[in-house]
Amino acid sequence: MVRHPKIVTLLNDPICADSALRDSLADWSAWLATERRFSSNTVNAYLRDIKYFLYFVANHIGASPTLSALQNLRTIDFRAWLADRANDGLKKTTIARALSVVRSFFSWLERNNLGGNPAIKALNTPKIPHGTPKPIMAKNAIRAVETIKNETEYSWIATRDAAVLLLLYGAGLRISEALGIMVKDAPIGNSLRILGKGNKERTVPILPVIRTAVRSYLESCPYNLMPEDTLFRGVRGGALSPRIIQKRMQLLREQLGLPDSATPHALRHSFATHLLSNGGDLRSIQKLLGHVSLSTTQIYTEVDERHILQQYNAHPRHK
């Protein structure tokens, strides 16, 4: 089995001196990558949380952790670990994620008859006050794209940026998804297949305005693009960096007087919110966005309700 370099680094760390623990971590990380189809970045993030946990256990029990020692930890020991994380000034979201990762490892041990630990099941996940997405108003999202399109006769770069932003606002793509499209999959047809987070595949419809923008970009791009190349290219011909699109949105904020929340990802939020406002159902929006859980999509109902309330408050008879 070929392991990612960072996985090998953790397994060679002195904290994994116990062979049973080391082998379990190796098998668990392989399961995350193959069965759960997590990206290498996600697997590494999981292993990083496990590493911090193991170092805490080592200090807490005064000995190098073994698989057997982990199975004998009590609820009070796990609570001490969470308290230690909080004392380090970590956000509740970070602590909740770490707890989820450690729970995942113990659940995997139990399912594979390697001994879990029921004590961790007694812990409550820290309550996280969730924020609501900050979409861009429809008229401002359109203004942002139109502002770039007005530059297209002077620059192929403007043509490129208009196409990218339309994919975010008109198809609800993440910026990484838009910039990961290959030339052979250029969205010039009626739909586009996207491989999103967790290697979850979805199909999104492509609006005529997006098809037109992408064709304009392909016609104006000065580089000889091969089918396996990423579609959107930088000034020097390399793959386009997300930072370039972020800078473009920063300039648009200054030009149009948009709030700081007007980011590339806010265009994706706008896609979802504007669909919902115009009668789209949550299940369809969930599929279009590539959300695994409907609860993730439901947060947009709060945005829509807030918008309706704002409209009501503006009524001249409200006072």
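Q: How many aromatic pairs does the structure hold?
A: Eleven aromatic pairs turn up. Keep in mind that this is a predicted model.

Q: Let's take one. How are the rings of phenylalanine 53 and tryptophan 81 arranged?
A: Their centres are 5.0 Å apart and their planes sit at 75°. Planes over 60 degrees apart count as edge-to-face, so this pair is edge-to-face.

Q: And which parts does that pair tie together?
A: Phenylalanine 53 is in helix H3 (residues 40–61), while tryptophan 81 is in helix H5 (residues 75–87). The pair therefore ties together parts that are 28 residues apart in sequence.

Q: Is phenylalanine 53 buried or exposed?
A: Phenylalanine 53 is buried, at 1% relative accessible area. Tryptophan 81 also has a relative accessibility of 1% and counts as buried.

Q: Which residues do ring pairs link into a cluster?
A: The cluster is made of Trp28, Phe38, Tyr46, Phe53, Phe78, Trp81, Phe105 and Phe106.

Q: Okay, moving on to helix H8. How many of its residues are buried?
A: In H8, 15 of the 16 residues are buried, so the helix is mostly covered. From first C-alpha to last, H8 reaches 22 Å, close to the 22 Å expected at 1.5 Å a residue.

Q: What caps the N-terminal end of H8?
A: Serine 155 does: one of its side-chain oxygens lies 3.0 Å from the backbone nitrogen of isoleucine 157. Just after H8, glycine 172 takes a positive phi of about 70°.

Q: Now the strands. Which side chains of E1 point to which face?
A: Along E1 (residues 191–195), Leu192 and Ile194 point to one face and are buried.

Q: How many bridges join E1 to E2?
A: Five bridges join E1 to strand E2 (residues 201–205), and the two run antiparallel. Arginine 193 stands opposite threonine 203 in E2.

Q: And what is between the strands in that hairpin?
A: There are five residues between E1 and E2, and in this hairpin glycine 198 takes a positive phi near 65°.

Conventions. Residues numbered from 1 in each chain as written. Predicted model: local features only at pLDDT ≥ 70, side-chain atom pairs only at ≥ 80, totals over all residues. Heavy atoms only, no water. Phe/Tyr/Trp six-rings, centres within 6.5 Å; stacked < 30°, edge-to-face > 60°. Helix = DSSP H or I, 4+ residues; strand = E, 2+ residues; numbered from the N terminus. Buried < 20%, exposed > 50% of the residue type's maximum accessible area, 1.4 Å probe, protein only. Expected span 1.5 Å × (residues − 1). Polar contact = N/O pair within 3.5 Å; in protein donor to acceptor, adjacent residues only side chain to side chain. Pairing = 2+ DSSP bridges.
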